[in-house]
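Dear colleague,

Please find below the structure that I am handing over for your review. My findings follow directly after it.

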Amino acid sequence: MDTAEARVNKASVTHVDVLIVGAGISGVGSAYHLQQQCPDRSYVILEMKDTFGGTWETHKYPGVRSDSDLYTFGYRFKPWVGAPIASAGEILTYMGEVIEENGIDSHIRYGHRITRCSLSSEDDLWTVEATRLSDGAGMSFTCNFLWMCQGYYNHEDPFIPDWPGMDSYKGLFVHAQLWDPEIDYTGKRMLVIGSGATAATVIPAFAESAEHVTMLQRSPTYFFCSENKNELADRLREIGIDEPTIHRVVRAQIMYDQDVLTKRCQTEPDVVFEELKELVRQFAGEDFQFEPHFIPRYRVWQQRLAFCPDGDVFKAAAEGKLTVVTDTIDTFTEKGVRTDSGEEIEADIVVAATGFRLSVMGEIPFDVDGEPVDWHETINYRGMMFTGVPNLVWVFGYFRASWTLRVDMLGDFVCNLLNHMGEIGAQRVEVALRDEDEDMEILPWIEEDNFNPNYLMRDIDRLPQRGAKHEWRHNQDYWSERKEIPATDLDGDEFVYDGKHLVNKGQAKKATTA
């Protein structure tokens, strides 16, 4: 017995049918669906933080807000009644209501850091070891099914490039993900390194009270500028339509519009870009100059299209509160940074908005029957199940649509899968390549010309692989998956129950959407 095992208090071993990892937007939504669709299943949620919220609890930088509309980022089952783009505080309030209204809080174990997940095929159980952070005690849980809702990035260790001369800088350096709300930037010269959604969020907030803000970017980002309101929702409220109906109709409208936009980005990207520029001009003025700092080098939607409510970033630039520099860093200096072109940028505070560090399964060690799991050696089934790893689903949401759309979708799928296992008396389910997949080409998680943010490309060799056939990949296409996943044949040859394929497929179960 190793030291970690020796510290586990055996009296604290808890068994549940389902163990959910993470009390963020994915974990809370999954718990709701489990309670509604599998009410006889016991469950627990293990959360490392002292409270719920995940992303919305981690990020505390000024102005932190959603970059997806809350009508689709909100859950299917609880109407969103505020402005489309919401602050972190508003999202946490919304999540808190879901937890309270559905009695989910009693199932959450806060302050538990998972240290290992081990599956035994002998008894078809996962053993999940954790450390209770309040006192360092070792805790042990067993479960029949593991629902991974921990997200996809490291909440404690963001990506910071190893820039030369960082030790020589005499001002304050902080990554946005690690921002301390006590930092006072009033009257300060702010330098934000990066140009994505985080930079677009902090810059308008900084611009309100800082002396000046400079954004240093390697390359520009595409933004979708619009007023922070939904005219259809406002009109339906005005004429007295009930909130559940408004939520359903507005979600349908937004998803339809997003589908059209996504397809147009592929078929006529130049036309779409001109339209995006026109939206910017509505807020920043007809004479706003896009060259050279606002012309991205990639096609629209190869990276996330950031929402810019009320064009606030561009208004800051037009009003002279924001200076944009497109260059790379040569070195940090005592007073700021020097770019490769020789420009000196002085700053009192440097904020790195340089993105996430990818985290695969929360960096938790996994093993199956004592053999360590190398996730890159597995092949993913629709981005949620993995060859060689039974009784586990990972909720990995969308980048081109709201993450939570897939939380609801996979909530239906998992619950139907669990109920199907109960109907056929199965204790274990896993996915496996079929005979027809024998010669299928095995490829990286996603192709670079489809979606290529830096955090994904840096660590793509750590992610599970995909197959050349559409069911053996996460295609990032909500509009096709909304039909395909609910229609999944749970008796199909890709599913193996208790080590064998089902013989009688006459009663094929469909994972219908609620």
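How do the residues that line the second largest pocket divide into nonpolar, polar and charged? In this predicted model, the lining comprises 15 nonpolar, 7 polar and 10 charged residues.

The second largest pocket holds about 790 Å³ of space. Its lining is made up of 32 residues, and F224, I254, D257, Q258 and F307 are the closest to the pocket centre. Two or more lining residues come from each of the following elements: β10 (223-226), α7 (231-238), α8 (243-267), α9 (269-284) and β11 (306-309). The element that gives the most to this lining is α8, with 7 residues.

The crossing in which α7 passes α8 is right-handed.

As for the residues involved, α7 provides L232, A233, L236 and R237, which meet E243, I246, V249, V250 and Q253 of α8. By class, the residues of this contact are 6 nonpolar, 1 polar and 2 charged.

In summary, α8 both gives the most residues to the lining of the second largest pocket and is in contact with α7 through the residues named above.

With kind regards

Terms used. Residues are numbered from 1 along each chain as its sequence is written. This is a predicted model: local features need pLDDT of at least 70, side-chain atom pairs count only at pLDDT 80 or more; totals for chains, interfaces and linings use all residues. Side-chain values use heavy atoms; hydrogens and water are left out. On a 1 Å grid over the protein atoms alone, a cavity is a set of points where a 1.4 Å probe fits but cannot get out, and a pocket is an open set with protein on both sides within 12 Å along at least five of seven lines; lining residues have an atom within 4 Å of a point. Grid points are joined across faces, edges and corners, and a volume is the space filled by probe spheres set on the points. Helices (H or I, at least four residues) and strands (E, at least two) are DSSP runs, numbered from the N terminus. Ala, Val, Leu, Ile, Met, Phe, Trp, Tyr, Cys and Pro count as nonpolar, Asp, Glu, Lys and Arg as charged, and the others, Gly among them, as polar. A crossing is left-handed if the near helix is turned anticlockwise from the far one by less than a right angle, and right-handed if clockwise. Contact means heavy atoms within 4.5 Å.
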